[in-house]
Amino acid sequence: MRKLLLATAATLIAAAGAAYSQDAKMSFFVTSVGSSKGADLGGLKGADAHCASLAEAAGVTGKSWAAYLSTSDTDARDRIGKGPWMNAKGVKIADDVASLHSDANGVTKQTALNEKGEAVNGRGDTPNRHDVLTGSKPDGTKIADQTCGNWTMSGAEGAAMMGHHDRAGLDDSAAAKSWNSSHASRGGCSQEALKGTGGDGLFYCFATN
């Protein structure tokens with residue numbers, strides 16, 4: 001009986017180790033929750049800290065995290081390291097910055113998972129949460145005046161450029177299918193304004209190491 005218990009315990013420990021090993025590969029995710037203050041993320045510093053906090057809560061430690069966000073003097077593509085990046089299931093999103101910003105990237109509704117490995121609601125789901133904050137052009141560079149005051153505004157003023165993590169929109173245009181540069185928020189930078197177009201103040205996080 002004792003041998004059976006020991007064998008069972010060893011099996012469980014091995015399984016847990018394998019699960020942790022897979023999760024530890026995660027270097028990309030969509031935040032499961034935003035700041036709850038619309039596009040006011042506490043600036044880039046606050047957004048990066050939010051990424052790190054969510055990753056650590058999911059059991060992924062020892063990595064440096066950066067939010068995929070542009071500001072008036074920073075391009076999102078220059079913040080996220082060199083790659084490659086994997087989601088929580090170990091699926092590769094992109095090999096490097098160039099491939100991430102090409103048609104070859106692997107960002108889809110099925111792969112743009114949150115830090116828990118869960119799918120994020122997209123177009124057709126209730127509620128739709130596919131608008132992801134970026135403040136960026138398709139090539140990952142900044143868009144003037146579409147960063148909600150460098151991610152410090154949460155009122156009726158300002159606007160934020162957002163992408164569609166599910167690559168789906170109102171039509172088949174390139175913008176509607178863009179993961180990082182689909183359309184600007186309407187009605188300001190508040191949580192209500194973001195929800196109004198199918199968002200929830202979520203953003204992308206990338207491990208830089």
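**View 1. N150 is partly exposed in helix 4.** N150 has a relative accessibility of 27%, so it counts as partly exposed. This residue belongs to helix 4. The model shown here and in every other view is predicted. C148 lies in helix 4 as well, an element that covers residues 148–151. The phi of C148 is near 50°, again positive in a residue that is not glycine. Is C148 buried or exposed? At 1% relative accessibility, C148 counts as buried.

**View 2. The whole protein, for orientation.** Five helices and eight strands make up the protein. Read from the N terminus, the elements follow the order α-β-α-β-β-β-α-β-α-β-β-α-β. The protein has 209 residues, and 48% of them count as buried. Take the contacts with a separation of 6 or more: residues 24 or more positions apart account for 69% of them. The protein exposes about 9,700 Å². Carbon and sulfur atoms supply 54% of that area.

View 3. The bond from G83 to P84 is cis, and its omega is near 0°. P84 sits in the loop between strand 2 (65–67) and strand 3 (85–86). The bond from T126 to P127 is also cis. Here omega is near -5°. Where is P127 found? P127 is in the loop between helix 3 (97–100) and strand 5 (131–133).

**View 4. S185 is buried in a loop.** The loop in question runs between strand 7 (183–184) and helix 5 (191–196), and S185 is placed in it. S185 has 7% relative accessibility; a residue under 20% counts as buried, so S185 is buried. What does the side chain of S185 reach? It reaches the backbone oxygen of G188, at 3.0 Å. Beyond its neighbours within four places in sequence, S185 is in contact with A159, A160, M162 and L194.

View 5. T134 lies between strand 5 and helix 4, in the loop that joins them. The relative accessible area of T134 is 0%, so the residue is buried. Which residues does T134 touch, not counting those up to four places away in sequence? They are Y68, L69, S70, W151, M161, M162, G163, N180 and Y204. Of these, Y68 returns in the aromatic views.

**View 6. The largest nonpolar core holds 42 residues.** Which members of this core touch the most other members? They are W65, L69, L100, L133, W151, F203 and Y204. Several elements give two or more residues to the core. The strands that do so are strand 1 (28–30), strand 2, strand 4 (92–94), strand 5 and strand 8 (199–207). The helices are helix 2 (43–57), helix 3 and helix 4. Strand 8 gives the largest share, six residues.

**View 7. Y68 and W179 form a tilted aromatic pair.** The count of aromatic pairs comes to eight. In the pair of Y68 and W179, the ring centres are 4.9 Å apart and the planes make an angle of 45°. Y68 is buried, with a relative accessible area of 0%. W179 is buried too, at 3%.

**View 8. Y68 also pairs with F206.** This pair is tilted. The centres of the Y68 and F206 rings are 5.8 Å apart, with 45° between the planes. Y68 is in the loop between strand 2 and strand 3, and F206 is in strand 8. The pair links distant parts of the chain, 138 residues apart. Both Y68 and F206 are buried.

**View 9. Six residues form one aromatic cluster.** Which residues form the cluster? They are F28, Y68, W85, W179, Y204 and F206. Y68, W179 and F206 are the residues of the two pairs shown above. Y204 is one of the residues that T134 touches. Y204 is also listed among the core residues that touch the most other members.

Methods
Residues numbered from 1 in each chain as written. Predicted model: local features only at pLDDT ≥ 70, side-chain atom pairs only at ≥ 80, totals over all residues. Heavy atoms only, no water. Helix = DSSP H or I, 4+ residues; strand = E, 2+ residues; numbered from the N terminus. Buried < 20%, exposed > 50% of the residue type's maximum accessible area, 1.4 Å probe, protein only. Polar contact = N/O pair within 3.5 Å; in protein donor to acceptor, adjacent residues only side chain to side chain. Contact = heavy atoms within 4.5 Å. Core = buried A, V, L, I, M, F, W, Y, C linked by side-chain atoms within 4.5 Å. Phe/Tyr/Trp six-rings, centres within 6.5 Å; stacked < 30°, edge-to-face > 60°. Areas by Shrake-Rupley, 256 points an atom, 1.4 Å probe, with all protein chains shown as cover.
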